[in-house]
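Trainee: I am new to this structure. Can you show me how to read its features?
Mentor: Let us take them one at a time.

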Amino acid sequence: MSEAKVLGVIGLGSMGYGAAVSAMKRGVSTFGLDSSAAARERFAAAGGQLAASLADLAARCDVVQLLVVNAMQTEAVLFGRNDDEGGLAATLRRGAVVIASATVDPTLPPQWEARLAERGIHLIDGPVSGGAKKAAEGQMTVMASGSEAAFARAAPVLDAIAGKVYELGDAAGPGSTAKMVNQLLAGVHIAAAAEAMALGIRAGIDPDALYEVISNSAGASWMFQNRVPHILEGDYTPLSSVNIFVKDLGIVLDAARKLAFPLPLAAAAHQLYLATAAAGHGNEDDAAVVKFYAALAGIELPQKKA
């Protein structure tokens, strides 16, 4: 039976905050770190312990989860900027585990795993899914791959933050591959949901009634049921932004190009997110792709109630 671990969470955004608070509620001593003062204050207000620096967090923690935005930030946290050896690789104790949870090119985690192994540090390639709500409930899905030793050491933490942990392989890479496929589907489904709702509104059907019908019909998807309420409420507060799918579908398309594999649906959806971002909506909720259609067809979308 693995002993209780001390968790560090780097990146206290919607997913990181939820993971950290869930771990705390389940009895895991948890330290947080974020470059945003607002994120740090929110975590502290929830009773969280803040690390003073990356080195401070590394000195305290057995397991560190990285819930940062992208591969560049992940590498900076792991290895320091410009390879100055100022990252976790230089400061974590031997035997510690890093859970890398950003959505990245699947070819990168194996490289990070090898570099960390030189210092006796384990890596779990562990992207997550489920959104802010699942993260706050400790019910995220973790698509993970890594060594048996890494999973054994991180088990108490994974149990505290996740509803489902899929162990997809004994080395880094498959976790990020699974997340890449998930993001292909998620991005296409959101784009399709926005297109369908815009078509219905253009044709004159009541959007609330349309949502109810589709939610109980074969055309429904998890993303349709989750994102369309944002459209109906006229609330585009970013739980996951348009720019996230510009990035993530870009990763999907880059990986497919290396495999000489065509992705016409993903490519079309990527262009939709790019067009929405170019129109000034990149930092809005990803449901804002419906605004592209609204501008194109001159339709009036539901407005946020005062």
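Trainee: Where does α8 bend?
Mentor: This is a predicted model. In it, α8 bends by about 60° at Ala-155. A proline, Pro-156, follows within four residues.

Trainee: What end-to-end span should helix α8 have?
Mentor: At 1.5 Å a residue, its 14 residues (148-161) should span 20 Å. The end C-alpha atoms are 19 Å apart, which agrees.

Trainee: Which residues of α8 are buried?
Mentor: Start with the general idea. An α-helix has 3.6 residues a turn, so residues three or four places apart point the same way. In α8, the buried residues include Ala-150, Phe-151, Ala-154, Leu-158 and Ile-161.

Trainee: How do I read the sheet?
Mentor: Strands of a sheet pair through backbone hydrogen bonds, either parallel or antiparallel. Here the open sheet has 6 strands in the order β3-β2-β1-β4-β5-β6, with parallel pairing. The edge strands, β3 (49-50) and β6 (122-125), each pair on one side only. β6 pairs with β5 (97-100) over 4 bridges. One partner pair is Ala-100 and Asp-125.

Trainee: Which strands does α8 touch?
Mentor: α8 packs on the sheet and touches β1, β4, β5 and β6. Its direction makes about 55° with that of β6.

Trainee: How many aromatic pairs are there?
Mentor: A search of the whole structure finds 3. Tyr-211 and Phe-224 are stacked, 5.7 Å centre to centre, with 20° between the planes. Tyr-211 lies in α10 and Phe-224 in α11, so the pair ties together parts 13 residues apart in sequence. Both residues, Tyr-211 and Phe-224, are buried.

How values were computed
Residues numbered from 1 in each chain as written. Predicted model: local features only at pLDDT ≥ 70, side-chain atom pairs only at ≥ 80, totals over all residues. Heavy atoms only, no water. Helix = DSSP H or I, 4+ residues; strand = E, 2+ residues; numbered from the N terminus. Expected span 1.5 Å × (residues − 1). Bend = angle between axes of the 7 residues up to and from the residue. Buried < 20%, exposed > 50% of the residue type's maximum accessible area, 1.4 Å probe, protein only. Pairing = 2+ DSSP bridges. Contact = heavy atoms within 4.5 Å. Axes fitted to C-alpha atoms, helices over the stretch in contact; angles between N-to-C directions. Phe/Tyr/Trp six-rings, centres within 6.5 Å; stacked < 30°, edge-to-face > 60°.
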